[in-house]
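I set out to record the salt bridges of this structure, with the location and exposure of their partners. My entries follow the structure.

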Amino acid sequence: MIARESIRDLVARYNANGDSGRFDQVMELFAPDAVMRTPAQPDQHGIDQIRTIFTGAKDTLSDIGGGTPDYIRHHTATHQIDLLSPTEAAGRCYYQVIMAHGLDHWGRYIDRYGVVNGRWLFTERSVTVDGFTPGGWGARSTPDNTMS
């Protein structure tokens, strides 16, 4: 039960810190050798490369709205966690992104978690986009406006 709650907290901190632009705190949630994948940036290895996903998203948001958006909120649901060992787990959940114009895009997180120095961290995170609102941030952040 402690592992599951620690992993749920990990996902919540990822969303809250990312939505607030606290990228240093987001990077603390990843193992040093973690891998993250998005439709626009597949296979980013390690903290430095993963950080570019977030700084790139910030730049795209600035380009769209001429500055920082009023707000951005990631919401997750149906979080399933499979404990593979005392120090490894896999998970998947749905997400939705709400912005001032409403629902912007939605998809799935497919994760691997591991215990590093006594803390559950992301070892892999794959982000899929299942749909988006035309003209929104998700539409501009998905290569060729295609959905997975």
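I began with Asp 82, which at 35% relative accessibility counts as partly exposed (buried means under 20% relative accessible area, exposed over 50%, partly exposed in between, with a 1.4 Å probe and protein chains only).

I noted that the model is predicted, that local features need pLDDT of at least 70 and side-chain atom pairs pLDDT 80 or more, and that totals for chains, interfaces and linings use all residues. Residues are numbered from 1 along each chain as its sequence is written, and side-chain values use heavy atoms, with hydrogens and water left out.

I then looked up the partner of Asp 82: its side chain meets that of Arg 92 in a salt bridge, 2.8 Å from N to O (a side-chain nitrogen of Lys or Arg within 4 Å of a carboxyl oxygen of Asp or Glu). Arg 92 lies in strand 4 (residues 88–99) and Asp 82 in strand 3 (residues 72–85), so the pair ties together parts 10 residues apart in sequence. Helices (H or I, at least four residues) and strands (E, at least two) are DSSP runs, numbered from the N terminus. Arg 92 is partly exposed, at 30% relative accessibility.

Next I checked Arg 125, which forms a salt bridge with Asp 111 at 2.7 Å between the closest N and O atoms. Arg 125 belongs to strand 6 (residues 119–132) and Asp 111 to strand 5 (residues 102–116), 14 residues apart. Both Arg 125 and Asp 111 are buried.

I also recorded one network, in which salt bridges with shared partners join Arg 37, Asp 43 and Glu 124.
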